[in-house]
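Welcome, and thanks for taking a look at this one with us. Here is a short briefing on helix packing, charge pairs and the chain contact.

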Amino acid sequence: MLKIIIPTIMLMPLTWLSKKNMIWINTTTYSLLISLISLSLLNQPSNNSLNFSLMFFSDPLSAPLLVLTTWLLPLMLMASQHHLSKEPLIRKKLYITMLTMLQTFLIMTFTATELISFYILFEATLVPTLIIITRWGNQTERLNAGLYFLFYTLMGSLPLLVALISIQNLTGSLNFLLIQYWNQALPDSWSNIFLWLACMMAFMVKMPLYGLHLWLPKAHVEAPIAGSMVLAAILLKLGGYGMLRITTMLNPQTSFMAYPFLMLSLWGMIMTSSICLRQTDLKSLIAYSSVSHMALVIVAVLIQTPWSYMGATALMIAHGLTSSMLFCLANSNYERTHSRTMILARGLQTLLPLMAAWWLLASLTNLALPPSINLIGELFVVMSSFSWSNITIILMGANITITALYSLYMLITTQRGKYTHHVNSIKPSFTRENALMALHMTPLLLLSLNPKIILGFTY
Amino acid sequence: MNPLIFTTILMTVLLGTMIVMMSSHWLMIWIGFEMNLLAIIPILMKKYNPRTMEASTKYFLTQATASMLLMMAIIINLMHSGQWTITKVFNPTASIIMTSALAMKLGLTPFHFWVPEVTQGISLTSGLILLTWQKLAPMSILYQISPSINLNILLTMAVLSILVGGWGGLNQTQLRKIMAYSSIAHMGWMTAVLVYSPTLTMLNMLIYIMMTLTMFMLFIQSSSTTTLSLSHTWNKTPLTTTLILITLLSMGGLPPLSGFMPKWMIIQELTKNSSIILPTLMAIMALLNLYFYMRLTYSTSLTMFPSTNNMKMKWQFETKQITLLPPLIVMSSLLLPLTPMLSILD
């Protein structure tokens, strides 16, 4: 695992020592090379994990997330080139350093064995993200967004620290590999109920759960493009990953403790999807759609069946790629019109037809069109929740319909119809932007040919 | 001040603290405290104006009261045990009085009222000495009498201090008051774990002193005492803004910076002793502290604070050279991976 971590750390000296005209080239190339190294981890021979050392391991759940993380860094760097082009060199280097630091922490988080180490790195990802959002965001609301982001996450995760330490006192070790083997049922008591809550709330806030999702629209909207991409694609999945890891230790309370959260998620996914239909702000629409998709993942993780775990993992990867692509597309609009209002730049198909093709593909994958992996994820979640309780099919079906509605609404508003008269002088699409969209879409489409690598450890 | 006299007075302060830390006779400890107090008054009054006089007077009165209470506790201890050696305190009354006296010296709630006012009235360097060096002596006494301290009183004072330190700092824009409230909160953390594991108190003290030293040095370098003047540092020394950001986040206890280490260790020690609600509460209240540190970072490093136009083109003729700043900054932010080395403190 050091073969990925050390090169990523070394990207920082690379940034600071590069010449002015080479920084983007150097960093993008080397981060692409690093992502190639991580692809080798996808070869998971058995259900057991690949253990590289006492501190790092990779298993069929964390390997796809790791590949997604390393894949996303070059994409983030490509996406940020335009809005940073006018900044002085040192600030560009600082921005890339923040992204690289975040990347290092994320890689270490996804491969950590010891749960306290996971916790420290989980919290450590907050600092670079906060700096990216508040320093390089564009509106004054970004300060509030940073505060909400930081404090919501910290309030949820401090009880997690206490819970992890008390579990360590109880069982002697928090090394995840060991816990799988000597896992015992938690006795039934009030304090174990609070332990369950303490463990899960951090990840619920991160996912986010419907009632605690207030930070997400703020943070996603105010962040610059790389910040939005990494937030939507990876940081939300940290919550899902954490929940998947920690629920192995929390039986049997999950059977009754999960009900309130299941209700909140089932209701919340419909509510947030419906809000998407009434959004005027493009990035806000994509942010609420993230909440809705993640609510599906929460439902899947809390039901705890093999199929639902497969669905959760597939949905996390698929949503990561789709959401990040949608944010890139929204950013390409923002860079041209400097406004996030949807109706301000409409009818773009006439002006930028290739970009319209990417919009179409992104919207189709967002609404989970077969045979994309989004469909595989959603289908598995819907089927397993149906087997858990027949009534949920109504809510799930309603959610799928409303998702289709707002995805098509977004597509049609931005692409179809007559273009507004003030956009006929926008710059045509850069090759960089088209490359960005292609690099998002190609893994998504190729994975539909072999989805078993993203189906997680219950395949 | 005449350098010779200043050196003598400074050495007296050092000597006073050393006497406190190294004595085994209660009377010598009291003498050490008094020496410390008397010698630090001229240092607090380096600039001679009514504000400093008021601050020094307040400091003198509270510390003298605390010393007298300490003397009373020593005498009661003498009465009940017949000897002056500092081993443990033999009478619960003496223990409570001694704990209150030391809390008054440290600035724990409910005796915290002097800390913001005194810190605000004195210069930055004197404030630095006040908030770091002066905490060493009372803390060393608390360390030595820790087996016989009444747990209820100490924990109450600790939790209330964390609360007051967090809430009190919320409305402040003066940097010295912010540092004072931060000191109150950190003292709360230190005393909370005193009965369970005094080693962690010392660790927290060490890291707190490093971070406070760093913060004060960064303030001294830009000669700023208010949030507004701190917000001009992007113009004078832009690197300082990054360093302020890192140090403030470290003080707030964010991983992966070294300020997280004492909090983590303290939470671990408290949880091992089966108190679970207490560390959760303490950790959540530390978030209040983080809020006003974040506000400082917002105005300093993460935004370009609104300022008048001639502030943006400031000339600075002489740059102050602060010794030891780089190692301090490194130590106050990057020590977390060295946590297993805690065993050297035992």
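A salt bridge here is a side-chain nitrogen of Lys or Arg within 4 Å of a carboxyl oxygen of Asp or Glu. By that rule, the whole structure holds six salt bridges over all chains. This is a predicted model, in which local features need pLDDT of at least 70 and side-chain atom pairs count only at pLDDT 80 or more, while totals for chains, interfaces and linings use all residues. Residues are numbered from 1 along each chain as its sequence is written, chains are lettered from A and ligands numbered from 1 in the order in which they are written, and side-chain values use heavy atoms, with hydrogens and water left out.

**Salt bridges**

- Arg340(A) and Asp281(A) pair through their side chains at 3.2 Å, N to O. Arg340(A) sits in the loop between α14 (306-337) and α15 (348-351) of chain A and Asp281(A) in the loop between α12 (254-276) and α13 (282-303) of chain A, so the bridge ties together parts 59 residues apart in sequence. Helices are DSSP runs (H or I, at least four residues), numbered from the N terminus.
- Both of these residues, Arg340(A) and Asp281(A), are buried (under 20% relative accessible area, with exposed over 50% and partly exposed in between; 1.4 Å probe, protein chains only).
- Glu433(A) bridges to Arg336(A), with the closest N and O atoms 3.1 Å apart. Because Glu433(A) belongs to helix α19 (residues 431-447) of chain A and Arg336(A) to helix α14 of chain A, this pair links parts 97 residues apart in sequence.
- Glu433(A) is buried at a relative accessible area of 3%, and Arg336(A) also counts as buried, at 16%.
- In chain B, shared partners join Glu54(B), Lys58(B) and Glu117(B) into one network of salt bridges.

**Helix packing in chain A**

- The axes of helix α3 (residues 62-80) of chain A and helix α4 (residues 89-110) of chain A come within 10 Å and cross at roughly 175 degrees (lines fitted to C-alpha atoms over the stretch in contact, with angles from 0 to 180 degrees between N-to-C directions).
- α3(A) is therefore roughly antiparallel to α4(A), a term for angles over 145 degrees.

**Contact between the chains**

- Chain A gives 27 residues to the contact and chain B gives 25 residues, where contact means heavy atoms within 4.5 Å.
- The two chains, A and B, bury about 2400 Å² between them, 85% of it on carbon and sulfur atoms; buried area is the accessible area (1.4 Å probe) lost on being put together, summed over both parts.

Key
Helices (H or I, at least four residues) and strands (E, at least two) are DSSP runs, numbered from the N terminus. Angles under 35 degrees count as roughly parallel, over 145 as roughly antiparallel, 65 to 115 as roughly perpendicular and the rest as oblique.
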